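These are my notebook entries on a structure that I looked up region by region. The sequence and the model come before the entries.

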Amino acid sequence: MHLVSSPIRIAIAGGNYGGLGALKSLYLNLLATNPDYDGSKQAPPNPNVKITLIDRRDGFVHYLGMTRGLSQPDYAHKLWVPYTDMPWLQHPSITIKKDIILCITPTHVELVNSSEHVEFDYLVVAMGQSRNAPIGVSASTRSEYLQAMEKYFGVISDAQSIAIVGGGAVGTELAADLKTDYPDKEIILIHSRELPIPGPFMDEFRHEAVRVLHKLGVTTMFGQRVIDESAVQEDFSLEHVKHANILPELIDSVKRNATLVTSTGAKVHADLVFNCLGTKNKSPLIHLPSSSSDAPVFSSTGIRINDHMQIDDPKYPHIFAVGDISNQAAVAKYAGAAIKSGNVAGSNIAKLIHANGERVELGNMGKRRGGGVYSTMKLVLGEHNTVIQSEDGVIPPEMAASMSSPDIKLSKVLENMAVGKFPTLGR
């Protein structure tokens with residue numbers, strides 16, 4: 001039986017989709033429990049619960065929209081929402097600690113800028129994965145973010161040719177966004193494989209993405225790796241890079257005046273280069289010894305979890321992992337799934353607390369309908385083109401366009417996060 005303190009201490013390592021999803025669920029299940037709570041005002045104090053959200057940023061960032069944000073300044077300004085805009089986070093049982101996470105142990109979270117450890121009875125790990133800036137966002141405050149974005153807008157506007165290295169979902173969407181909003185610029189997408197979008201996707205889906213890229217006028221160089229380059233390295237990062245070994249997003253991937261040499265011998269001259277070569281996991285920060293050497297807590301695909309979002313190790317029934325730091329295919333590496341997994345983790349922690357040591361049935365994410373070899377994926381390729389692979393196949397272009405969100409789900413996510421109001425069940 002897992003022993004807890006009084007008040008019960010819950011830590012959430014990382015904000016954004018999964019972390020805020022967990023925190024909102026905890027708010028509704030542990031704080032907003034009075035029968036007369038209707039979301040019109042703050043939930044009453046609960047001295048028996050102490051929740052600490054640890055995040056190096058002072059707000060939520062809508063990463064889904066970052067490629068569009070680099071091509072549309074007005075949209076970019078909406079992507080960072082300060083935590084102070086979410087009144088429910090100002091609850092007396094909730095503390096937001098702005099710091100960099102140094103490591104996670106079975107009993108506490110260690111921080112870079114504080115000798116004080118955040119001890120917990122329950123923990124939700126929601127730290128995601130890392131990308132280099134600008135997609136990874138190096139800023140820690142909204143003002144720093146806006147300052148950095150202005151610099152990006154300047155160098156993008158000045159460039160006549162832009163090369164994007166890496167044809168995963170991010171690189172492909174960035175190429176489409178830039179070409180849509182800057183049709184006169186030469187946009188070149190370089191990818192090591194013969195088709196873009198690695199992963200469990202159909203070639204039909206990949207070919208449709210290529211068709212849209214070519215329709216927009218993007219130059220594609222597939223089946224070629226960049227093996228050499230000369231360039232001027234930009235540095236828009238606004239924090240000390242001494243922590244870049246644990247936070248790759250502090251390193252800027254943007255380079256100017258570049259000459260790239262590919263594995264076929266081709267040379268590409270570009271005024272600006274974006275490196276979109278994938279993510280890095282947070283395994284160096286997870287200090288959780290496993291019960292078995294054959295089953296490490298952090299696998300090659302992320303933290304191993306069970307259907308209830310708990311770490312899949314009998315030593316850690318009190319630690320949950322949500323979003324794309326986890327290894328579960330059902331969680332997928334998508335924002336909506338991260339929010340849902342956070343909701344499940346928060347609800348399950350509340351159930352364990354209410355059960356007070358008794359057995360209780362925990363919730364799960366549910367199973368995908370198909371369970372086949374292919375995943376679902378939606379590529380938003382500029383404002384007017386969407387390519388979708390469902391479990392049944394690739395959606396026809398006209399239908400896919402009707403299923404697209406004009407703001408890349410920004411308004412839906414902010415509604416879910418209860419920006420400017422107090423949350424209620426089902427909202």
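Entry 1: helix 7. I began with a rule for helix length: the expected span of a helix is 1.5 Å times one less than its number of residues. I note that the model is predicted. Helix 7 has 21 residues and should therefore span 30 Å. I looked up its end C-alpha atoms and found them 30 Å apart, in agreement with that value. Just after helix 7 I came to Asn356, which takes a positive phi of about 55 degrees. Asn356 is not a glycine. Most residues other than glycine have a negative phi. I placed Asn356 in the loop between helix 7 (335–355) and strand 19 (377–380). Asn356 has a relative accessibility of 64%, and the cut-off for exposed is over 50%, so Asn356 counts as exposed.

Entry 2: I then turned to Asn257, which is not a glycine but has a positive phi of about 50 degrees. Asn257 lies in strand 14 (residues 255–262). Is Asn257 buried, partly exposed or exposed? I recorded a relative accessible area of 47%, so Asn257 is partly exposed.

Entry 3: helix 5. I applied the length rule to helix 5 (residues 169–181) as well. With 13 residues, helix 5 should span 18 Å, and its end C-alpha atoms are 18 Å apart, which agrees. I next looked up burial, for which the cut-off is under 20% relative accessible area. Ten of the 13 residues of helix 5 are buried, so helix 5 is largely enclosed by the rest of the structure. Among the buried residues I noted Val170, Leu174, Ala175 and Leu178. The list also includes Glu173, Asp177 and Lys179.

Entry 4: strand 10. I examined strand 10 (residues 161–165) and found five of its five residues buried, so strand 10 too is largely enclosed by the rest of the structure. Which residues cover the two faces of strand 10? I found Ser161, Ala163 and Val165 on one side and Ile162 and Ile164 on the other, all of them buried. Strand 10 runs parallel to strand 11 (residues 186–191), and five bridges join the two. At one of these places Ser161 has Glu186 of strand 11 as its bridge partner.

Entry 5: a parallel sheet. Strands of a sheet pair through backbone hydrogen bonds, either parallel or antiparallel. I traced an open sheet of five strands with parallel pairing, in the order 5-2-1-9-18. Its edge strands are strand 5 (94–98) and strand 18 (319–321), each of which pairs on one side only. From one strand to the next, the twist averages 15 degrees. Within this order I followed strand 1 (residues 8–13), which is joined to strand 9 by four parallel bridges. The bridge partner of Ala13 is Val125 in strand 9.

Entry 6: Strand 20 (residues 386–390) pairs with strand 21 over two bridges. Ser390 has Gly393 of strand 21 as its bridge partner.

Entry 7: Most peptide bonds are trans. I found a cis peptide bond between Ala133 and Pro134, with omega about 10 degrees. Pro134 lies in the loop between strand 9 (122–125) and helix 4 (142–158). The largest cavity holds about 70 Å³ of space. Ala133 and Pro134 are among its lining residues, which also include Met66, Val137, Tyr145 and Tyr152. Which element supplies the largest share of this lining? I found that helix 4 does, with four residues. The lining divides into nine nonpolar residues, one polar residue and no charged residue.

Entry 8: Lys412. At 59% relative accessibility, Lys412 counts as exposed. I compared its position with that of Ala337: Lys412 and Ala337 are 75 residues apart in sequence, and their C-alpha atoms are 14 Å apart in space.

Terms used: Residues numbered from 1 in each chain as written. Predicted model: local features only at pLDDT ≥ 70, side-chain atom pairs only at ≥ 80, totals over all residues. Heavy atoms only, no water. Buried < 20%, exposed > 50% of the residue type's maximum accessible area, 1.4 Å probe, protein only. 1 Å grid on protein atoms, 1.4 Å probe; cavity = no way out; pocket = protein on both sides within 12 Å on 5 of 7 lines; lining within 4 Å. Points joined across faces, edges and corners; volume = space filled by probe spheres on them. Nonpolar A, V, L, I, M, F, W, Y, C, P; charged D, E, K, R; others polar. Pairing = 2+ DSSP bridges. Axes fitted to C-alpha atoms, helices over the stretch in contact; angles between N-to-C directions.
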